[in-house]
Amino acid sequence: MLDRWTMPLTHAPLTRIARQLHKRHITPDQVTLAAFLIGMTALPLLAWEQYGLALLVIMLNRLGDGLDGALARLSGSTSEAGGFLDIGLDFVFYAAVVVGFALANPDQNALAAAVLLFAFIGTGTSFLAFAIAAKLQAIERPHFPNKAFYYLEGLTEGTETVIALVVFCLYPAAFPTLALFFAMACFITTATRLWGGYWTLRRHEAG
């Protein structure tokens with residue numbers, strides 16, 4: 001929901017950093033992999049209840065997630081392979097953070113974490129399944145021309161997910177309530193994406 005406003009705001013600073021990386025011959029895929037490896041350290045940090053450090057690596061991961069695309073566009077090396085790697089590792093990272101909270105306090109957090117992971121399955125599969133169909137049908141991307149995949153909008157997009165992860169780290173004791181609230185928003189996203197995606201494809205096929 002918020003990505004259409006936050007993405008233009010981050011474009012200029014990310015491009016400036018990407019220029020420095022490009023001068024050092026760093027590739028977008030290297031940034032993607034480095035950001036993923038850094039982000040995955042959030043899982044043990046959360047399990048050890050090191051929430052401040054976990055928040056730091058989460059933010060570094062998200063910075064890398066923006067930088068790889070900016071670097072790819074700057075260097076003219078955008079590719080389907082790079083986009084696939086980026087989105088695939090993103091979903092693994094999101095799940096790892098949730099598992100980290102479950103491990104931090106299984107008695108309190110495990111059920112809410114399981115519900116949120118269930119919700120993530122819905123948002124992820126509805127996103128990617130539509131992207132495949134949209135690619136085959138050559139459907140344009142009106143609001144996100146720089147995305148590797150067709151970006152089907154929803155109540156919970158990248159910006160909302162980052163905000164949720166930050167809030168989880170800032171208020172870990174409230175994780176069960178916060179996670180269930182965000183899961184509900186993800187369920188709404190899944191429903192609207194399935195409905196909107198279905199009718200978008202039907203109209204495109206009919207037209």
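Buried denotes a relative accessible area under 20%, exposed over 50%, and partly exposed the range in between (1.4 Å probe, protein chains only). The legends below describe a predicted model, in which local features need pLDDT of at least 70, side-chain atom pairs count only at pLDDT 80 or more, and totals for chains, interfaces and linings use all residues. Residues are numbered from 1 along each chain as its sequence is written, and side-chain values use heavy atoms, with hydrogens and water left out.

**Figure 1. Overall arrangement of the protein.**
The protein contains 8 helices and 0 strands, where helices (H or I, at least four residues) and strands (E, at least two) are DSSP runs numbered from the N terminus. Along the sequence the pattern reads α-α-α-α-α-α-α-α. Of the 207 residues, 43% count as buried.

**Figure 2**
A salt bridge is a side-chain nitrogen of Lys or Arg within 4 Å of a carboxyl oxygen of Asp or Glu. In general, side chains of opposite charge can pair when their charged atoms come close. A search of the whole structure finds 2 salt bridges. In one of them, the side chains of R62 and D65 meet with an N to O distance of 3.2 Å. D65 and R62 are separated by about one helical turn, because they stand 3 residues apart in helix α4. R62 is buried, at a relative accessible area of 12%. R62 also forms a salt bridge with D90, and here the closest N and O atoms are 2.9 Å apart. Because R62 lies in helix α4 and D90 in helix α5, this pair ties together parts that are 28 residues apart in sequence. D90 counts as buried, with 10% relative accessibility. Through shared partners, the salt bridges join R62, D65 and D90 into one network.

**Figure 2. The largest nonpolar core.**
A nonpolar core is a set of buried Ala, Val, Leu, Ile, Met, Phe, Trp, Tyr and Cys residues joined through side-chain atoms within 4.5 Å. The largest such core has 31 residues, of which L46, V97, F101, L116, F168 and F175 touch the most other members. Two or more residues each are given to this core by α3 (42-47), α4 (51-75), α5 (80-104), α6 (106-137), α7 (158-170) and α8 (175-206). Helix α5 supplies the largest share, 7 residues. In soluble globular proteins, nonpolar side chains tend to be buried together.

**Figure 3. Nonpolar patch on the surface.**
Patches are made of residues with over 30% relative accessible area and no salt bridge, like charges being joined within 9 Å and nonpolar side chains (Val, Leu, Ile, Met, Phe, Trp, Tyr) within 5 Å. Accessible areas come from the Shrake-Rupley method with a 1.4 Å probe, and for residues only the protein chains shown count as cover. I17, I38, L53, L56, L60 and L63 form a nonpolar patch with about 480 Å² of accessible area together. Helix α4 gives the most to this patch, with 4 residues. L53 is placed in helix α4 and counts as partly exposed, at 46% relative accessibility.

R16, R19, K23 and R24 form a positive surface patch. For charges, Lys and Arg count as positive and Asp and Glu as negative, while His and the chain ends are not counted; the place of a charge is taken as NZ of Lys, CZ of Arg, CG of Asp or CD of Glu. R24 is found in the loop between α1 (3-23) and α2 (28-40), and is exposed at 56% relative accessibility. H25 lies in the loop between α1 and α2. Although H25 is not a glycine, its phi is positive, at about 60 degrees. H25 counts as exposed, with 70% relative accessibility.

**Figure 4. E49 in the loop between α3 and α4.**
E49 lies in the loop that separates α3 and α4. Its phi is near 65 degrees, a positive value in a residue other than glycine. E49 counts as partly exposed, at 47% relative accessibility.

A12 belongs to helix α1 and is partly exposed, with 39% relative accessibility. A12 and A70 are 58 residues apart in sequence, and their C-alpha to C-alpha distance is 9.3 Å. M184 is found in helix α8 and is partly exposed, its relative accessible area being 43%.
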